[in-house]
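I opened this model to look up the fold of each chain, the contact between them and a couple of single residues. My entries follow in the order in which I looked.

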Amino acid sequence: MPAPRVSIQAEDFNLADEIAALRKIDKRVGAVCSFVGTVRGANEGNNGPPVLSMELEHYPGMTEKSIEAMIDEAHRRFDIFGARVVHRIGLLQPADQIMMVAVTSAHRGESFKACEFLMDYLKTQAPFWKKEQTPQGAQWVDARATDDAALERWGIAAGNA
Amino acid sequence: MKVSVKYFASVREALGKGAETFDTSAPTLDALRDELIARGDAYAQALARGKSVRMAIDQVMSDGKAALTEGSEVAFFPPVTGG
């Protein structure tokens with residue numbers, strides 16, 4: 001059975017283990033690019049209210065399906081060998097890892113581009129929602145227009161925020 | 001036709017439920033949204049036109065013109081914020 005490309009899980013992940021597994025898939029790999037998103041302890045340039053914790057909700061089924069489609073699209077657009085996305089759900093604490101993307105290619109350029117493409121795509125098209133707990137109460141995180149603009153650079157209309 | 005409808009995040013909280021199944025004659029997502037808005041109260045507020053609500057049919061992001069079919073799985077939710 002091929003290694004899974006997408007995992008949605010409550011448990012933490014180990015980036016080094018994930019990369020090691022991804023690199024093993026193809027010995028032509030000469031570049032690995034990865035991104036890890038983590039929980040900020042405060043927003044608005046650290047001037048916002050402290051974030052005490054974060055709850056992540058998702059749409060089981062659609063989440064996996066949408067990210068699989070994004071990886072397929074990354075393979076069509078870039079000369080990459082493999083890609084892996086792990087995204088956590090449930091209750092997270094400041095500084096916790098939220099998610100990771102890792103991509104392999106022969107040379108760095110394609111990995112860098114594909115990694116950023118997958119992040120831009122996921123931010124506005126994968127059905128996850130964050131709710132932050134602050135001293136003033138819980139609030140759903142607002143989608144950002146800058147994330148829509150980031151995806152539009154790749155010629156894809158985001159239509160999210 | 002019978003459709004199953006799912007709600008997530010702030011929409012789910014506003015409606016106090018995450019899913020329901022019912023019969024509808026709405027041909028499109030927009031028509032189904034209007035039918036739900038017509039129920040009034042929490043539905044009218046959570047799904048109000050002009051409010052940022054995203055929609056999916058059979059787990060694919062879709063716009064309001066997308067057609068419903070028997071057994072469609074429809075979802076209404078706020079803009080996504082993962083990553």
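**Entry 1: chain B, elements.** I count 3 helices and 5 strands in chain B.

**Entry 2: confidence.** I note that this is a predicted model. It scores ipTM 0.96 and pTM 0.95. For chain B I find an average pLDDT of 97, and 100% of the residues score at least 70.

**Entry 3: chain B, overall shape.** I checked the radius of gyration of chain B. The value is 12 Å, which agrees with the figure near 12 Å that a compact globule of 83 residues would have. The C-alpha trace of chain B spans about 30 × 30 × 20 Å along its principal axes. I find 31% of the 83 residues in chain B buried. I then took the contacts in chain B with a separation of 6 or more. Of these, 55% are between residues 24 or more positions apart.

**Entry 4: chain B, sheet.** In which order do the 5 strands of the open sheet in chain B lie? I read S2-S1-S5-S3-S4, with mixed pairing. Strand S2 (19–23) and strand S4 (60–62) of chain B stand at the edges. Each has a single partner strand, so one side of each is left without a neighbour in the sheet. The twist from one strand to the next averages 30 degrees. I looked at one pair inside this sheet. Strand S3 (residues 54–57) and strand S5 (residues 73–77) of chain B pair in the antiparallel sense, over 4 bridges. In that pair, B:Ala56 stands opposite B:Ala75 in S5(B).

**Entry 5: chain A, sheet.** I moved to chain A. Here I find an open sheet of 4 strands in the order S1-S4-S6-S2, again with mixed pairing. Which strands of chain A stand at the edges? They are strand S1 (6–9) and strand S2 (31–38). Each has a single partner strand, so one side of each lacks a neighbour in the sheet. Neighbouring strands of this sheet are turned by 10 degrees against each other on average, direction ignored. Strand S4 (residues 80–88) and strand S6 (residues 97–105) of chain A pair in the antiparallel sense over 7 bridges. A:Val86 stands opposite A:Met100 in S6(A).

**Entry 6: helices on the chain A sheet.** Helix H1 (residues 15–23) of chain A packs on the sheet and touches S2, S4 and S6 of chain A. The direction of H1 makes about 25 degrees with that of S6(A). H3(A) lies across S2, S4 and S6 of chain A, and runs at about 25 degrees to S2(A).

**Entry 7: contact between the chains.** I asked how many residues each chain puts into the contact. Chain A gives 23 residues and chain B gives 15 residues. On the chain A side, the elements giving two or more residues are helix H2 (62–77), helix H3 (108–125) and strand S7 (128–134). H3(A) gives the most, with 5 residues. By class, I find 13 nonpolar, 6 polar and 4 charged residues on this side of chain A.

**Entry 8: A:Leu56.** A:Leu56 lies in strand S3 (residues 53–58) of chain A. Buried or exposed, with 22 other C-beta atoms within 10 Å? Buried: the count for A:Leu56 is 22, and the cut-off is 20 or more. Beyond its neighbours within four places in sequence, A:Leu56 is in contact with A:Arg88, A:Ile89, A:Gly90, A:Leu92, A:Phe128 and A:Lys130. I also took one distance: A:Leu56 and A:Met70 are 14 residues apart along the chain, with their C-alpha atoms separated by 20 Å.

**Entry 9: A:Ala10.** I found A:Ala10 in the loop between S1 and H1 of chain A. It has 10 C-beta neighbours inside 10 Å and counts as exposed; the limit for that class is 12 or fewer. Leaving aside neighbours within four places in sequence, A:Ala10 is in contact with A:Arg88, A:Ile89 and A:Gly90. A:Ala10 and A:Leu52 are 42 residues apart in sequence and 18 Å apart in space, C-alpha to C-alpha.

Key
Residues numbered from 1 in each chain as written. Chains lettered and ligands numbered in written order. Predicted model: local features only at pLDDT ≥ 70, side-chain atom pairs only at ≥ 80, totals over all residues. Contact = placed C-beta atoms within 7 Å. Nonpolar A, V, L, I, M, F, W, Y, C, P; charged D, E, K, R; others polar. Rg over C-alpha atoms; globule rule 2.2 N^0.38 Å. Pairing = 2+ DSSP bridges. Axes fitted to C-alpha atoms, helices over the stretch in contact; angles between N-to-C directions. pLDDT = per-residue confidence, 0-100.
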